[in-house]
Amino acid sequence: MQVFSHRGFHVTLPENTLAAFEAAVALGVAGIETDVQLDRHGEAFLYHDRLAPDLRPVAHLSRAELSALIGCEVPTLEAALATCAVTWNLEIKAPDAVAATIEAVRRHRERRRFLISSFWHAAVYEVCEATGVAGGLLIAHRPRRIDPADFRPQAGIATLVWSFDRLDASCVNEARQLGLATWVYSAESRADHDACRAWGVDCLITDRPDWLLT
């Protein structure tokens with residue numbers, strides 16, 4: 001089971017910062033999951049929430065303004081990709097970040113590996129078809145069955161990214177029979193992490209990679 005760091009290793013550091021990403025790399029993670037959004041100038045930066053601490057949409061702020069509000073520097077996508085030589089799981093938070101993500105992936109795809117994911121599945125298809133990198137579809141519910149017709153294998157979509165509380169061994173087995181990899185986020189306890197390993201999950205995106213790597 002691969003171990004990816006969820007927004008960097010942020011037990012004692014702010015999440016989605018260069019320091020958190022570097023701490024994750026030092027632990028020996030296979031990759032990092034992070035969140036791509038655009039500021040009001042159209043610059044791609046890494047921040048999870050749609051709203052800033054003062055409840056303004058982050059898309060209405062500059063990166064400098066958001067950094068001042070949260071008390072640490074919000075990194076650009078470009079800076080993160082240039083700094084850490086791991087596989088990057090880039091979650092596109094809104095369709096307006098697609099073009100900037102395509103540009104960044106094209107600049108770095110010779111030196112970095114990627115998995116593009118989003119709840120906006122059309123955004124995943126667009127980035128993967130434009131760049132040739134792999135894609136994963138974020139699943140917000142548990143379907144009655146996994147329908148291969150929902151995927152575009154020709155676009156490199158071969159991964160389902162599940163919330164832990166929507167998953168069990170039968171989902172992992174069904175996906176595997178269809179040739180799909182299973183990645184999981186939101187496992188919280190050590191028991192959750194143990195369950196993912198027992199189910200044969202392909203990749204666990206976790207806030208506590210240290211539980212598995214140290």
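Predicted model: local features only at pLDDT ≥ 70, side-chain atom pairs only at ≥ 80, totals over all residues.

Me: Is Leu 66 buried or exposed?

Reply: Buried. Its relative accessible area is 1%, and the cut-off for buried is under 20%.

Me: Which residues is Leu 66 in contact with, leaving aside its neighbours within four places in sequence?

Reply: Phe 45, Tyr 47, Ala 52, Pro 53, Val 58, Leu 61 and Val 74.

Me: And what separates the C-alpha atoms of Leu 66 and Ala 104?

Reply: 21 Å. Along the chain, Leu 66 and Ala 104 are 38 residues apart.

Me: How accessible are Glu 65 and Arg 40?

Reply: Glu 65 is partly exposed, at 31% relative accessibility. Arg 40 is partly exposed too, with a relative accessible area of 45%.

Me: How many salt bridges does a search of the whole structure find?

Reply: Twelve. Some share partners, and in this way Arg 7, Glu 15, Asp 35, Glu 91 and Lys 93 are joined into one network.

Me: OK, take Arg 7. How far apart are the closest N and O atoms in its salt bridge with Glu 15?

Reply: 3.1 Å. Arg 7 counts as buried, at 14% relative accessibility. Glu 15 is partly exposed, at 30%.

Me: Which salt bridge do the side chains of Asp 35 and Arg 7 form, in terms of N to O distance?

Reply: One at 3.8 Å. The pair links distant parts of the chain, 28 residues apart. Asp 35 is in strand S2 (residues 31-38). Arg 7 is in the loop between strand S1 (2-6) and helix H1 (18-27).

Me: Is Asp 35 buried or exposed?

Reply: Buried, at 0% relative accessibility.

Me: Change of topic: backbone angles. What is phi of Leu 55?

Reply: Near 75°, which is a positive value in a residue other than glycine. Leu 55 has its place in the loop between S3 and H2. At 62% relative accessibility, Leu 55 counts as exposed.

Me: What about phi of Ser 186?

Reply: Positive as well, about 70°, although Ser 186 is not a glycine. Its place is in the loop between strand S8 (181-185) and helix H7 (190-199). Ser 186 is partly exposed, at 31% relative accessibility.

Me: Which residue just after H7 takes a positive phi?

Reply: Gly 200, at about 80°.

Me: Now H7 itself. Which residues are buried in H7?

Reply: Asp 192, His 193, Ala 195 and Cys 196. They cover an arc of only 160° around the axis, so they lie on the same side of H7.

Me: Why does that spacing work?

Reply: An α-helix has 3.6 residues a turn, so residues three or four places apart point the same way.

Me: Which residues are exposed on the other side of H7?

Reply: Ala 191, Asp 194 and Ala 198.

Me: And what covers the buried residues of H7?

Reply: The cover includes S8, strand S9 (203-206) and helix H8 (210-213).

Me: What unit do S8, H7 and S9 make?

Reply: A right-handed β-α-β unit. S8 and S9 run parallel and are joined by three bridges. Trp 183 stands opposite Cys 203 in S9.

Me: How many bridges join S1 to S9?

Reply: Four, and S1 and S9 run parallel. Val 3 stands opposite Leu 204 in S9.

Me: Last one. Which way do the residues point from S9?

Reply: Cys 203 and Ile 205 point one way, and Leu 204 and Thr 206 the other way. All of them are buried. In a regular strand the side chains alternate between the two faces of the sheet.

Definitions and conventions: Residues numbered from 1 in each chain as written. Heavy atoms only, no water. Salt bridge = Lys/Arg side-chain N within 4 Å of Asp/Glu carboxyl O. Buried < 20%, exposed > 50% of the residue type's maximum accessible area, 1.4 Å probe, protein only. Helix = DSSP H or I, 4+ residues; strand = E, 2+ residues; numbered from the N terminus. Arc of directions from axis to C-beta. Contact = heavy atoms within 4.5 Å. Pairing = 2+ DSSP bridges. Right-handed = clockwise from strand over helix to strand, strands pointing away.
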